[in-house]
Amino acid sequence: MLLFSGAAFADVADVYDFDSAQQEERFQSLIEELRCPKCQNQNIADSNAPIARDMRDEAYRMMRDGASEDQIVDSLVARFGEFILYKPAVEKRTILLWATPFIAVFGGLLVVIGVVVRSRQSGQKAPALSAEEKARAAQILDGDEQDNRS
């Protein structure tokens, strides 16, 4: 029983003291918006990685010192890189990142429109059969009907 109790207390959640509920909500929303550099698709609020714990501690310390959310985010980005932002800023070097979904949808629409237009044009341009071709088609069909009867 003592062996299992040590494992249960090994992963104790971080406890932070706040002056107000508003400050705690601000902290929670901030750490939910930042990505863990190690876990990649997990925010630092949910991550158990040591680097996420360090980031939470740094955010808490800066918030207690009176830093704004922008100052905290700027400090963490300077330390860990822009990867930690789920929503990177729109800048010259990130414009392609932001524009790619729109470009893909626009390209897809162009392809669909092209396919529809071509199919309509090809349907209208179907040539009529000559008298010789009609006779040949009738002969082939008559031959198939005779084969099916036998």
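The chain exposes about 11800 Å², of which carbon and sulfur atoms supply 57%, with accessible areas taken from the Shrake-Rupley method with a 1.4 Å probe. This is a predicted model, in which local features need pLDDT of at least 70 and side-chain atom pairs count only at pLDDT 80 or more, while totals for chains, interfaces and linings use all residues. Residues are numbered from 1 along each chain as its sequence is written, and side-chain values use heavy atoms, leaving out hydrogens and water.

**Overall build**
- The chain holds 6 helices and 0 strands, where helices are DSSP runs of H or I with at least four residues and strands are runs of E with at least two.
- Of the 150 residues, 20% count as buried, a word that stands for under 20% relative accessible area, with exposed meaning over 50% and partly exposed lying in between.

**Helices α2 and α3**
- Helix α2 (residues 21-32) packs against helix α3 (residues 50-64) at an angle of about 145°, and their axes are 11 Å apart; axes are lines fitted to C-alpha atoms over the stretch in contact, and angles run from 0 to 180 degrees between N-to-C directions.
- On the α2 side the contact (heavy atoms within 4.5 Å) is made by Gln23, Arg26, Phe27, Leu30 and Ile31, and on the α3 side by Arg56, Ala59, Tyr60, Met63 and Arg64.

**Cysteines**
- The structure holds 0 disulfides, a disulfide being a pair of cysteine sulfur atoms within 2.5 Å.
- Cysteine 36 is in no disulfide, and the nearest cysteine sulfur, belonging to cysteine 39, is 3.4 Å away.
- Cysteine 36 counts as buried at 0% relative accessibility, whereas cysteine 39 counts as partly exposed at 29%.

Conventions. Buried means under 20% relative accessible area, exposed over 50%, partly exposed in between (1.4 Å probe, protein chains only).
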